[in-house]
Amino acid sequence: GSLTAIQLSDALNTEALNNEEVANVVTSSTAAGTICGTVTNSSSDPLADINIVARDFGNWVTRAKAKTADDGTYCLNVPVAGDVDAFTGATLSGEYILGAINRTGDNTDPGRHASEWWSTGGTAYNQFDAQMIAVPDETVVNRDFMLAPGARIRGTVTDSVGVGLEGVKVVIRDFDNRTPLASARSNAAGGYRVNVIPGKYLVVARNKTIQ
């Protein structure tokens, strides 16, 4: 039978408690720290629907997520230095890396501008090269991206008989050093796409669904 509103709420709360990434994103939504900015293409035009992800500096635990608006702007909340991790109980440093992951299509971004991680030089295409962003208190930290034209990796995740699998995480890694660059989840038909700079990559499908 169908779930009541209370049962659905309880199920979502249980999922959040059992999934570190979900728990972090939920608890960070009311955190005191703020990172804002604008994502543009190489012609300084705003890019909408770019996925922004903040991860702890040093251990790459996902802490917060957002998407850019039609004018390319975004804001996300993150814990500040000294806050306590609701999932592990650890004291947080307030230090992050920030990624702009482009999964849009040609109609939105015909230049296929490449995903990247924030750095002052604007050329951090993997997490190793990302520059640390400190959020020590409630002061708003501003970080902008200008994405370079790139290429696209796309495909479909299916089962053994060719039926598309939804919700499978596809991770793009640098071929030479295995560093994670970007990721996407397959849609209802099993499709995924991620924009990258031209290069050599490994593509890994991680199925944590019940499928």
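Contact, in what follows, means heavy atoms within 4.5 Å. On that definition, residues 24 or more positions apart account for 66% of the contacts in this protein with a separation of 6 or more.

Colleagues, the structure before you is a predicted model, in which local features need pLDDT of at least 70 and side-chain atom pairs count only at pLDDT 80 or more, while totals for chains, interfaces and linings use all residues. Residues are numbered from 1 along each chain as its sequence is written, and side-chain values use heavy atoms, with hydrogens and water left out.

I begin with the overall dimensions. The C-alpha trace spans about 50 × 45 × 35 Å along its principal axes. The radius of gyration, taken over C-alpha atoms, is compared with a globule rule of 2.2 Å times the number of residues to the power 0.38. For 211 residues a compact globule would come near 17 Å, and the protein has 18 Å, which agrees. The protein contains two helices and 14 strands; these are DSSP runs numbered from the N terminus, helices being H or I of at least four residues and strands E of at least two.

As for burial, I call a residue buried under 20% relative accessible area, exposed over 50%, and partly exposed in between, using a 1.4 Å probe and protein chains only.

Let me turn to the interior. A nonpolar core is a set of buried Ala, Val, Leu, Ile, Met, Phe, Trp, Tyr and Cys residues joined through side-chain atoms within 4.5 Å. The largest such core has 21 residues, of which Ile52, Leu76 and Leu98 touch the most other members. The elements giving two or more residues to this core are β1 (33–40), β2 (51–56), β3 (62–67), β4 (73–78) and β5 (95–101). Beyond its neighbours within four places in sequence, Ile52 is in contact with residues including Val39, Ala64, Tyr74, Leu76 and Leu98. A second, separate core of 20 residues includes Ala124, Val170, Ala182 and Ala184.

Thr34 lies in strand β1 and, at 14% relative accessibility, counts as buried.

Next, a hairpin. Strands pair if DSSP finds at least two bridges between them; β11 (residues 169–174) and β12 do so in the antiparallel sense, over five bridges. Val171 stands opposite Ser183 in β12. Five residues separate the two strands of the hairpin, and Arg178 in the turn has a positive phi of about 65 degrees. How enclosed is strand β12 (residues 180–185)? Five of its six residues are buried, so β12 is largely enclosed by the rest of the structure.

Finally, the aromatic rings. Rings of Phe, Tyr and Trp (its six-membered ring) pair if their centres lie within 6.5 Å; planes under 30 degrees apart count as stacked, over 60 as edge-to-face and the rest as tilted. The count comes to one aromatic pair. The ring centres of Trp60 and Phe128 are 5.4 Å apart and their planes stand at 55 degrees, so the pair is tilted. Trp60 sits in the loop between β2 and β3, and Phe128, 68 residues away, in the loop between β6 (116–117) and β7 (133–134). Trp60 is partly exposed at 26% relative accessible area, whereas Phe128 is exposed at 53%. The loop between β6 and β7 also holds Ser119, which counts as buried at 12% and is in contact with Ala124, Asp129 and Gln131, leaving aside neighbours within four places in sequence.
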